[in-house]
Amino acid sequence: MKPFVLTLKASPVQRLDLSQLLPHLLAGKSIAEIAAIDIATTREKVSVGDVFKVAAGDGDEIRFEGGSERFDGIGRGLQSGRITVNGDVGMEAGRQMSGGALNISGRAGPYAGSCMSGGRMEIGGDAGDFLTAPREGEMQGMTGGMLVVRGSTGERPGDRLRRGTIVIEGHTGNCPGSRMIAGTLVVLGRCGAHPGFLMKRGTIALARPPVLGATFVDSGQFASSFPGIFSRLLQNESRGAAKLFRGSLRRFSGDMAALGKGEIYVPA
Amino acid sequence: MRPMIKNGIRIDESFAEAFPMRGTALLITAPNRRWARQAAVTMTGFATSVIGCGAEAGIDCDVDARETPDGRPGVRVLLFAMSSDELQKQVVNRVGQCVLTSPGSACFSDLVAEDHLKVGDSLRYFGDGWQISKKFDDRHFWRVPVMDGEFLCEGVTGLTKGAVGGGNLLIMGADHEKTLRAAEAAADAMNGVRDVVLPFPGGIVRSGSKVGSKYKVMFASTNDAYCPSLRGQVNTALEDDIGCVLEIVIDGLTEAAIADAMRAGIAAIVKLGPRAGARRIGAGNYGGKLGPFHFHLKDLLP
């Protein structure tokens, strides 16, 4: 199966809305039909053919050769198939995706993986603020799936996380896992202030924790199969995360200013 | 019945008659092999026959720590019952009373199937609100706080409606010592077959039963045709050179697994020979009208 290949001709002159370019929407379309898809976000008209050289495929995969921080909404609503970007992307990459795989080799803007409910997303470089977070008025962030960031993220990754697993191999800004409802967030690099701020439930694991807030209470060390299981489940996703869960861990419970049934694991 | 002879052992031209059952497999892990075995032995205790125990259960095999979900030594157990509802009740009761309570234990599904039984989905309520749900891909785990740390239990386990119960071998020998030796050899060989358990003590049952009784309250009673002490008094199935009969009953997740186990058992008895072990191998049936699965001994010879 040959993927659709969209090769960037030149740096785009405006922000682009690439959310129409999903495998199930392109299936059966000719090159001319794909080239005519409107991706403009201003009054200046821009279509796929203006920005990309299109090579038709027959599979359920789309490959972008070349990226830009102006590529917004890439993989938004992805249901199945695969999207690969060799380059950077803008905001809301993989927002509300429910299945399939989205791989970005470069950096991603804010709200990457926002409200994703399934599938697997990987960002090779850094990600902006509000990774997986809900947009205005939405009550939940990510509700399922797997998201791995090889680089670092901005502030509040995993905001209102409900279910699913996020692994950040680099550093993160302030308040990772803020308002978490459940789910799992792993940070291997340095972590900003107030991890788990107002979290209700869920698990945060920090390899290099900052001083935790006073509303997280020390639960000490205890025997559990849970870290061993997640170590094995994460082995293929992130060796660093697997290693963190293999080691001996200490649990802090909180945020006692909210429901208080969440937990932060730190190396003992 | 015309006997076949293998290595001097008479093999009846007979068949084992078996019945459809509902079955499931669980993987129990613990900090070390001793406590994994302990939890498995306890939860499969008093599970020899559905007639009096509600379930038939046993240990299938040990599982190496490298192959368990949490990287600790494990034991695979199989449970069988006549209905899905009864199996559901037995699984929750046995895991709840025997595995949840065992130090350091965790419990996982070990059967992939379309139908499911609740395990952690029921036992989580022991956590009194402190239980934690963890999902990863399509697997769902419950973490229940207990006094030695946490009991981790998978939410559901697979349920197969294609399980088979009641595969059997009748092992007949000159005296008790030789017959038991042959039965032990057969049970050891059959325990090496995956997806089957031998629910009776050590895999062996000495009190085989027939359907019905002279007493109204009894559904089953002693199999007088195979009792050596009743030769001459009843229509016996035993020749003069037989002084003891032992039976091995097999429950399996599939029909093929039972056939494999019976084949392994017969091979072990035949290999032992009639001087040290059994003189005759038979199988129990009800004329072939009650159970849909027939395992003919002639098809299972080494």
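User: Is B:Leu78 buried or exposed?

Analyst: B:Leu78 has a relative accessible area of 0% in this predicted model, where local features need pLDDT of at least 70, side-chain atom pairs count only at pLDDT 80 or more, and totals for chains, interfaces and linings use all residues, while side-chain values rest on heavy atoms, with hydrogens and water left out. Residues are numbered from 1 along each chain as its sequence is written, and chains are lettered from A and ligands numbered from 1 in the order in which they are written. Buried means under 20% relative accessible area, exposed over 50% and partly exposed in between, with a 1.4 Å probe and protein chains only. On that scale B:Leu78, at 0%, is buried.

User: In which strand of chain B is B:Leu78 found?

Analyst: Leaving aside residues up to four places away in sequence, B:Leu78 touches a set that includes B:Thr24, B:Ala57, B:Val196 and B:Leu253, where contact means heavy atoms within 4.5 Å. Helices (H or I, at least four residues) and strands (E, at least two) are DSSP runs numbered from the N terminus, and the run that holds B:Leu78 covers residues 74-81 and is strand β5.

User: What radius of gyration does chain A have?

Analyst: Chain A has five helices and 15 strands, and its C-alpha atoms fill a box of roughly 60 × 35 × 25 Å along the principal axes. The radius of gyration is taken over C-alpha atoms, and the globule rule is 2.2 Å times the number of residues to the power 0.38. For 268 residues a compact globule would come near 18 Å, which agrees with the value for chain A, 19 Å.

User: What share of the residues in chain A is buried?

Analyst: Of the contacts in chain A with a separation of 6 or more, 41% are between residues 24 or more positions apart. Among the 268 residues of chain A, the buried share is 56%.

User: Which residue of chain B forms a salt bridge with A:Glu263?

Analyst: A salt bridge is a side-chain nitrogen of Lys or Arg within 4 Å of a carboxyl oxygen of Asp or Glu, and the closest N and O atoms of this pair are 2.6 Å apart in the bridge from A:Glu263 to B:Arg143. A:Glu263 lies in strand β15 of chain A and its partner in strand β9 (residues 139-146) of chain B, so the pair joins two chains. Both residues are buried, and the partner of A:Glu263 is B:Arg143.

User: How far apart in sequence are the parts that A:Arg76 and A:Asp17 tie together?

Analyst: A:Arg76 and A:Asp17 form a salt bridge, with the closest N and O atoms 3.9 Å apart. A:Arg76 lies in the loop between β5 (71-72) and β6 of chain A, whereas A:Asp17 is in strand β2 (residues 16-17).

User: What phi does A:Gln96 have?

Analyst: Most residues other than glycine have a negative phi. A:Gln96 is in the loop between β6 (82-86) and β7 (101-104) of chain A, and at 39% relative accessibility this residue counts as partly exposed. Although A:Gln96 is not a glycine, its phi is positive, at about 60°.

User: Which residues make the nonpolar surface patch of about 310 Å²?

Analyst: Patches are made of residues with over 30% relative accessible area and no salt bridge, with like charges joined within 9 Å and nonpolar side chains (Val, Leu, Ile, Met, Phe, Trp, Tyr) within 5 Å; accessible areas come from the Shrake-Rupley method with a 1.4 Å probe, and for residues only the protein chains shown count as cover. B:Tyr286, in the loop between β17 (278-282) and β18 (293-296) of chain B, is partly exposed at 39%. The patch is made by B:Val211, B:Tyr286 and B:Leu290.
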